[in-house]
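Trainee: I have a model to go through. Can we take it by question and answer?

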Amino acid sequence: MHEKGWKTRLFSLVNNGLLLVVGLATIFPIYYTVILSFTDPVEYYQRSLILWPRVWTLDAYKHLLSNGLFVSSISVSVFLATIGTLLSLLVTGGMAYALSRKRLRFRKAMMIMVLLTFLFTPGLVPLYLVVRNLGLIDSVWSLILPSLTSAWYVLLMKGFFDSIPVSLEEAAMIDGSNDIGVFWRIILPLSLPALVAFGLFFAVGYWNTYFNALMFINDQKMWPLQVLLQNMLVDPTTMGSGNGGGFAFQVNRQVPTETLKMAAVVIATVPIMLVYPFLQKHFAKGAMVGSVKE
Amino acid sequence: MKTMKLKPGKSLVKTASLLILASSLLLSACGGGSGGTASGSGGGKDGGEPTSITIQTLNYATEFIDNTNPLWKELEKRTNTKLNITWLSPSTAEEKINVMLASGDLPEVTFVESMQNPQLQKMLKQGVFWDLTPFLKDYPNLNREELKEMWEITKVDGKNMVIPRYYPSYGGGVFPMIRKDWLDALGLETPKTLDEFYNVLKAFKEKDPNGNGQADEIPYAANPGALAYIYNIFNETQGGWKLEPDNTLSPIITSDASREAMLWIKKAYDDGLFPKDFAIMKFSQVMDTMRSAKAGVGGMSMNHAWVTGQPVKEVDPKADLMPLAYLENANGVKYTPSGSPYYGVYLIPKKVPEAKVKKILEFFDYGYSVEGNEMLTYGLEGVHYKVENGKKVATPQAAIDKTGDGNLNNMIHLVSDDMAISAVGMPDEVYQRNVEIVTERKTVKVPNPSAELYSEAYNKYYPEISKKVEDMRVMVITGKEPIEAYDQLIETIKNDPKMAEITEEMTKAYQEKYLK
Amino acid sequence: MKELETVQIEPKNRGASRKASTSGKSKTKWGRLWADVARDKYLYVLALPGLIFFIIFKYVPITNLVIAFQEYSPYFGVLGSPWVGFEHFIRFFSNNDFWMLLRNTLAISFLSLIFFFPAPIILALMLNEVRSSLYKRTIQSLVYIPHFLSWVLIYGLTYLMFSQSEGLVNKWFMSMNWETVDILSNPNYFWAMLTAQSIWKEVGWGTIIFLAAIAGVDPQLYEAAVMDGAGRFRRMWHVTLPAMRNVIMILLILRLGTILDTGFEQIYLMMNAPVTQVAEVFDTYVYRVGIRQGEFSYSTAIGLFKSIVGVIMVVTANRLARRYGQESLY
């Protein structure tokens, strides 16, 4: 890029300026969240606007971490985000790879079968029945198996595999590998950046598992983090007002303070956010998904 | 990538769909009807093997207890049972119960929050659950005097199909909780009528009750939902229906009194007595406003005199939250919130063998005996509490074993007003005042003709109609729509054949339940 | 006949040992088919877990969609509930609110299509023009963050920013002695606010896929364009955008298929009485009627209606895309 006129400089200035505005607009509310999580509730209620707390306090965090279930819920969530992600990658990858090989018989039938699920979403009750009949209620697998993959991911990953030249595969076949061998030794290593990108998608999904856990998990010790936090934070007083006419507000629990809620948000989102920078360099190349075509 | 051919070939589509259909039929066949938890070996005889009972119920505690809890073990020992309790957290109970009912996946003791649950009503008619009437007489504690009313009112077609969970009639419900210290600071009396109440709110706004020289007070922290009781004050009835002299029910949603109630609220809104965000606040935001100690009145059940009163005190040490006893309308008719003496019901599906049904009733019989009932809430004397001057004082062990609010106490409530007016840590003077107020509330009898009535048309159409009216009310109150729009809406609803059908069915349900 | 053959494929495939024995009979098209299948047996093995997943967790529950034509009762189960034909559909379409629901759903969807969909593309283009890689990376990392926040929190943040009593914006207005503005309960602003929220939350995350596409552009193309004397905007238009075209088309087609889906949680949280008339959409209605009021058959019928519209949209869009020589889905 050789031109160095004032036009270019002006363009860069405006462009960078706009991006700064976008960046600040996203960061400010988040800054506010973090700040509030370290503020004393009394100060929060007394002052109208807090941009910097007078006194920093860790009380909200201490309160959250003192919950006996915290450790178990963290381990459930970590299990989901690791094992679940790996399984998802394998299942999605295997299927997407098979579907990307054009010589495969019944490929289109399978494709249509996958695509249709994109549009027809099964209801909650039927899914519950399936999970129950498989005996998965109260098992950590009920949080992994029903969300292993989706038409969306299969499709994107297939797009990525489409871009890998068939010649590579043929060379390996001549060396005596079978399809699984090719997939494992050649395709997967080649796709590392894509796998990282997909891995992050899956990991975020598993980390944020909430609704399925509500439905399929009764045992508190099996709760993932998000459910635990929601349960600690939700204001139970709104409940029971549903159809019973709202008489029995029998709740003895305090509504959690705003600062406590913010601390919960920080705890729930920071770990998964921290994963991102480590993967960033793979990312640029990784998310090419489906974009590179012959 | 070269695009593929447009037509995948009809046969391919067929193949795919057939393949799917075949395999899915196989799987769903084992999915449908049958299902359910194995009901274990039939009920044991006394002294024999402990009977295992699967129970599902609400739990408001932050940490649920399990079968390693000493109190749980003690309960199992005393009732010769092996308990398998599934706790539902209140944030999700409604959805989960609905899904469980719809899937037919019912535990041996199934909890449903409301008798009006439409699915439950259908299932009751289909005979999914045991009729307990013939067994009940054998269990003296279930026939305690205090429980008579709840058994009577939960009858379905004259039969006891459910085990109601006791909850006191008075002390719960949304009703004004007022900053007593602000009243005192301005030298005001506790309001007894709606007019007085209005003047108090106005004074809170104008006379700087917190004395900081700024007009930062919010007289009444409320959202539209928290003011539903105003309509009941004007209509002189509990619930959404009023009993007419000719023994028919009429919906208060379309009554003239409701129009006046709305205008009362509108006037208060125009005078700035509610928060600016009145229309959009969620309950937690209302409570947050209360907590900021800037609000003079909030709507809460009586135990919040301490549950919420205490955190307000942290912000403003002078704060003192006091529930109102009642409010009188312009006709001099008093109103206070009250309800049927239970909250939620337990049901036993027919797949449970009869011997076990008896065992389950035995278990509840113990839970409602004085000894068992107190144990579930307070724990064991000497271990979890000591009696000093006739009062139970909790020991440190109580917190470790999680007695008190939540857990076992949520499974079977304490048969006492304390359920609604007391709270852990509530100081004596607050408690004593609550006792006085609840006693005063009990002198106010407001008819509740629509309690425990069920109509199919009501379930199908009423929620949408009432939502329309409630939305319109908010629009009129906040000045987004003129009163004429409201009148027009009410007129159309009055002429709506659906509304006529609902009214007719409700009247019929009333007459069948109470006039036979 | 053909169907029968295919149904057997998978089991045979798993037991890969008996390869040739069954197929040797003829060299007709069946024989070739069998030979092909046998050759690719390992590919089928790779696809198998995914297939099983789709069948068990998608298609088995989907068969329960038949309850849309029943008066479903758990007591009788899916197999025994009485059939009512199209009753639920008729009830839905004859409901006075149907047109309101349709209007709101479409309006919110189209606003999102017009403003939300291109937003990450534009942002990606802007980021691509940044010279300093540190600056670019910083901005990128910042704009990704909101993706990780839940809607409940975003609702809370919106309230903190825009409400009349607590909101930062109105606090600022008050300090300037201006009138406060009612943003959250104003039907005129509601759709715009939803769109803005979605953009705020997902725009950064959305750039990932487009940036990747841009990264795949051959640098020689840019150089050639510069030689031809193309300025920045023309390079963007003639080099960068075409490179993103495939991704854009695919995403667009998929988006059209979900035209009747609107973010349930977001709308449910932002809804309040004054805006109900513009806020109620299919998803919130289904939740209210289906889950809260327990009318499972009725809500299933509505879900089915949505799915069918989705299929039609995707097929049409795909056809159009192909006609104009664009990338298509299948």
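This is a predicted model: local features need pLDDT of at least 70, side-chain atom pairs count only at pLDDT 80 or more; totals for chains, interfaces and linings use all residues.

Trainee: How many helices and strands are in chain A?

Mentor: Helices (H or I, at least four residues) and strands (E, at least two) are DSSP runs, numbered from the N terminus. Along the sequence the pattern is α-α-α-α-α-α-α-α-α-α-α-α-α. The count is 13 helices and 0 strands.

Trainee: Is Leu13(A) buried or exposed?

Mentor: Leu13(A) sits in helix H1, residues 6–37 of chain A. Its relative accessible area is 63%, so Leu13(A) is exposed.

Trainee: Which residues make the nonpolar surface patch of about 570 Å²?

Mentor: Patch residues have over 30% relative accessible area and no salt bridge; like charges are joined within 9 Å, nonpolar side chains (Val, Leu, Ile, Met, Phe, Trp, Tyr) within 5 Å. A salt bridge is a side-chain nitrogen of Lys or Arg within 4 Å of a carboxyl oxygen of Asp or Glu. Areas are Shrake-Rupley values with a 1.4 Å probe, and for residues only the protein chains shown count as cover. The patch is made by Trp6(A), Leu10(A), Leu13(A), Val14(A) and Leu18(A).

Trainee: How far apart are the end C-alpha atoms of residues 74–99 of chain A?

Mentor: UniProt, in an unreviewed entry, annotates this span as "transmembrane region"; positions follow the numbering used here, feature names are shortened, and annotations may be inferred rather than shown by experiment. The span is 100% helix and 0% strand. Its end C-alpha atoms are 36 Å apart.

Trainee: Why does Ser185(C) count as buried?

Mentor: Ser185(C) lies in the loop between helix H11 (168–175) and helix H12 (187–215) of chain C. Leaving out residues up to four places away in sequence, Ser185(C) touches (heavy atoms within 4.5 Å) Ile280(B), Lys480(B), Asn272(C), Pro274(C) and Val275(C). Ser185(C) counts as buried because its relative accessibility is 8%.

Trainee: With which side chain does the side chain of Ser185(C) make a polar contact?

Mentor: A polar contact is a pair of N or O atoms within 3.5 Å; within protein, one must be able to donate a hydrogen and the other to accept it, and residues adjacent in sequence count only if both atoms are side-chain atoms. Here the distance is 2.8 Å, and the partner is Asp182(C).

Notes:
Residues are numbered from 1 along each chain as its sequence is written. Chains are lettered from A and ligands numbered from 1 in the order in which they are written. Side-chain values use heavy atoms; hydrogens and water are left out. Buried means under 20% relative accessible area, exposed over 50%, partly exposed in between (1.4 Å probe, protein chains only).
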